[in-house]
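Please look over the chain below.

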Amino acid sequence: MDRERTPMRWPVEWRDPSALDALKDTVINCLLVERDAALDPVIARAGQEGIRVVRPGAPPAGVTVIEGEWPGVKLSESGTFDHAAAGPTGVPWIDSNGWKVRLTAALNPGTQVWVNAAPRKPRLSAESYATAVADAAAHGGRWIISLDDQLAAGISARTPEALGRWKRLTGAAGYFAGRNEWSHYVPEAVIGIISDFAGRNEFMSHELLNLVTRTNQQYRIIVKSAFSQSSLNGLRAVLYADEDAPDPGLRKQILEFVKAGGMLIAGPKWGGFPGTREPGGDHPRYVLMAYGKGRLAVATPDFEDPYVVANDSMVLISHRYELLRFWNGGAVGSYFTAAPDRKRALVQMLFYAFILGDNRPTVRVAGRYRTARLWTLDQPAPRVLDMEIEEDAVELHLPPVRGYAAAELEV
Amino acid sequence: MLKTTSAVAGACLAGSRLGTAAVAPTARVAVARCSSYGAELLPTLSVMFDQLGGLGRIVKGKTVAIKVNLTGMPSYRVGYLPLGDTHYTSPQVIAATVHLMGKAGARRIRLLESPWSTADPVEEYLLQADWEPRDILSSAPNVEFENTNWLGSGKRYSRLVVPFGGYIFPAYDLNHSYEDCDVFVSLAKMKEHATAGITLSMKNCFGITPATIYGSGAGKDEPSDLPKGGRIFIHTGYRQPPKSAPSEKYPASPRQDGYRVPRVVVDLVAARPIDLAVVEGVKTITGGEGPWIRGVAPASPGVIVAGTNPVTTDAVCMAVMGFDPMADRGKAPFETCDSTLRLAEDVGIGTRDLSRIEIVGTSISEVMFGAAAHGRRKRP
């Protein structure tokens with residue numbers, strides 16, 4: 001897949017073609033320019049410099065644009081900063097576009113996903129812009145670089161502060177453009193979420209992805225129409241999110257998966273369930289049944305609250321099997337992938353909030369690895385990570401990091 | 001004897017001071033040096049329990065409930081350190097205590113905690129802390145966990161009455177496990193506390209309150225189905241528990257956490273008496289109760305304190321930490337709060353006067369460490 005396009009929404013105030021000089025030494029190579037005759041000189045010069053120009057509503061072929069949120073910790077109305085501190089006893093709400101990027105890519109194989117998320121405040125920090133870049137790119141998409149008015153004006157006026165923020169932003173974009181090989185890595189997952197992700201199933205299935213993401217449970221998106229025998233490979237559980245019963249073929253394959261030791265989490269409309277009720281398997285919202293070597297967890301009422309379903313799924317499967325476990329991560333998001341030959345793995349981490357005090361993050365990664373290196377947006381080269389080896393996992397002790405970091409592991 | 005509403009309706013004595021320092025009971029306290037959670041732990045605890053008259057005397061043939069301290073979310077560490085080495089009761093101490101109780105003939109052992117804002121099984125909580133719950137479950141026969149932050153496996157909440165009438169509430173609605181046990185054990189960590197000055201065997205019991213009733217997400221009329229949020233309204237008194245639970249006795253009393261938290265702790269300890277208090281300070285932190293307190297520092301005092309009276313036990317712990325157990329509000333570690341020990345002593349739970357407490361095993365001076373020297377920390 002060609003992920004090499006890095007798009008930017010051209011500020012309408014940048015009418016002088018010399019403004020294109022700001023793009024020198026950056027990876028920005030596609031501009032979304034409004035229809036405005038005053039911008040024609042910009043378009044002409046961009047063409048001369050080999051920069052693709054498209055209209056905002058007409059992306060290039062092979063690109064799907066999704067509407068996104070400005071990524072980060074959602075602040076209350078009283079919030080005055082574009083960042084927030086994570087506390088010990090509360091999990092702040094995170095806006096992230098990662099799940100949407102992944103879903104769009106799963107529904108549109110081969111497409112490049114661009115995220116349209118305009119800055120939501122009159123002035124944003126360099127950190128916040130870098131997070132916007134990383135939030136989309138870590139999940140295989142690209143944020144359409146969009147500047148707040150003050151930053152756009154500051155870059156035009158070449159103020160050092162604005163140029164510093166611009167450098168940080170474009171540096172983050174360059175970082176991801178330079179790691180195209182990571183886009184070929186495949187998701188490591190504990191749970192597969194099966195749905196058609198459309199129509200009356202859209203709300204539940206989309207919200208489940210959104211909320212499972214927040215738990216840092218690693219998941220695989222399984223689109224019903226693209227289901228194949230290999231869709232369930234390596235999974236511990238599947239969550240059947242749809243209201244309607246699966247077709248007989250799908251049903252059979254999922255039950256085979258359960259029989260072989262997997263787990264199915266489903267609503268009551270899934271249809272008849274084989275298996276025998278587990279003795280002592282009391283759960284306030286599920287009937288638990290044994291089937292072959294595996295288990296069925298059948299919701300007693302229909303799935304109603306996706307938050308409850310997402311959290312229940314973590315416990316039904318058990319935290320024992322989670323692939324990533326964080327300490328002191330604060331409001332952290334993650335995406336765990338592996339190279340096709342499985343010799344390398346990649347844990348991309350998004351720290352959406354400041355972390356209190358000197359409590360440094362730790363991430364436990366399930367699996368056996370020999371080495372780990374840490375990539376961050378502010379360092380050109382990776383650092384060797386302090387690693388504690390457990391029986392079937394490694395604990396990575398991270399230095400203080402802000403925004404984004406990626407741990408690259410080798411078996 | 002545990003007093004429930006059915007047993008002692010109307011027995012409340014409306015906040016009167018039943019006891020005084022002079023008549024508050026005393027009990028022996030065992031102190032031991034234990035520098036690690038390794039091989040020395042089990043024999044050390046075994047000797048300590050023998051020094052207290054033997055575990056069999058307390059637990060044989062009984063259902064034992066053990067409240068452990070797993071404060072804060074399991075996703076927070078002090079630096080890179082395991083939670084059991086800092087602010088959680090160590091899993092090794094839990095397993096060793098359970099093992100010895102099983103050996104002493106306990107019929108059933110329930111490990112209790114009200115983990116932060118969740119009704120998930122405690123085992124799942126432990127896994128998030130990177131603990132292996134099976135290590136604890138297999139350390140004796142008939143061991144189980146129960147999350148007491150909600151109704152749990154019970155059919156109804158148990159109303160436990162505060163025999164002296166209560167400082168803040170006359171009675172508390174709790175998970176059934178605190179009533180359905182013959183023996184109640186507080187297995188705590190030796191720490192300072194930003195609100196209550198210290199958190200030892202008594203303060204550990206603050207966590208027996210279910211957040212479905214005493215949490216910020218509790219219902220207005222009835223307990224919420226699931227726990228949400230912390231127990232901030234016990235701290236600040238900004239709201240009342242659901243109408244289904246006993247109301248505060250004195251709604252005009254100070255709405256300050258330094259006033260309320262120590263009193264609620266004493267209410268709870270009176271309502272659900274502690275039969276055995278074990279406070280481990282093999283490894284801990286100084287300066288506060290968890291990583292969310294700025295400036296907490298890891299420490300390895302290498303000490304365990306145990307007793308059959310929580311006030312005498314906590315008094316010895318305070319001395320081990322370098323504090324004066326006779327300290328009152330205004331003096332470390334109670335600069336901004338009332339002394340839980342003083343309040344407990346006042347209602348006759350136990351004495352904090354070291355001159356009246358028999359200490360066996362290691363002397364205080366041999367194991368004293370400088371928690372007090374680190375100074376008080378403040379919440380961020």
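Asn216(A) comes after α6(A), and its phi is positive, near 65 degrees. Helices here are DSSP runs of H or I with at least four residues, strands are runs of E with at least two, and both are numbered from the N terminus. This is a predicted model, in which local features need pLDDT of at least 70, side-chain atom pairs count only at pLDDT 80 or more, and totals for chains, interfaces and linings use all residues. Residues are numbered from 1 along each chain as its sequence is written, chains are lettered from A and ligands numbered from 1 in the order in which they are written, and side-chain values use heavy atoms, with hydrogens and water left out.

α6(A) has 14 residues. From first C-alpha to last it reaches 20 Å, close to the 20 Å expected at 1.5 Å a residue. (The expected span is 1.5 Å times one less than the number of residues.) Its buried residues include Met204(A), His206(A), Leu209(A) and Val212(A). Buried means under 20% relative accessible area, with exposed over 50% and partly exposed in between, for a 1.4 Å probe and protein chains only. The buried residues of α6(A) pack against α2, β11, β12, β13 and α8 of chain A.

## Cavities

How many cavities of 30 Å³ or more are there? The count comes to three. On a 1 Å grid over the protein atoms alone, a cavity is a set of points where a 1.4 Å probe fits but cannot get out; a pocket is an open set with protein on both sides within 12 Å along at least five of seven lines; lining residues have an atom within 4 Å of a point. Grid points are joined across faces, edges and corners, and a volume is the space filled by probe spheres set on the points.

The largest cavity holds about 90 Å³. α6 and β19 of chain A each give at least two residues to its lining. Asn210(A), Thr213(A) and Ser334(A) are among the lining residues. The lining has four nonpolar, six polar and two charged residues. Ala, Val, Leu, Ile, Met, Phe, Trp, Tyr, Cys and Pro count as nonpolar, Asp, Glu, Lys and Arg as charged, and the others, Gly among them, as polar.

The second largest cavity has a volume of about 70 Å³. α3, β9 and α5 of chain A each supply at least two of its lining residues. Six are nonpolar, two polar and one charged.

## The second largest pocket

This pocket has a volume of about 910 Å³. It is lined by 35 residues, and the closest to its centre are Ala105(A), Tyr185(A), Val186(A), Pro187(A) and Tyr335(A). The lining divides into 19 nonpolar, 11 polar and five charged residues.

## Strand β22

Five of the five residues of β22(A) are buried, so the strand is largely enclosed by the rest of the structure. Thr362(A), Arg364(A) and Ala366(A) point one way, and Val363(A) and Val365(A) the other.

Leu324(A) has Val365(A) as its bridge partner, and Thr362(A) stands opposite His397(A).

## Thr170

Thr170(A) lies in helix α5 of chain A. Is this residue buried or exposed? Thr170(A) counts as buried because its relative accessibility is 10%. Beyond its neighbours within four places in sequence, Thr170(A) is in contact (heavy atoms within 4.5 Å) with Thr26(A) and Ile28(A).

Technical notes: Two strands pair if DSSP finds at least two bridges between them.
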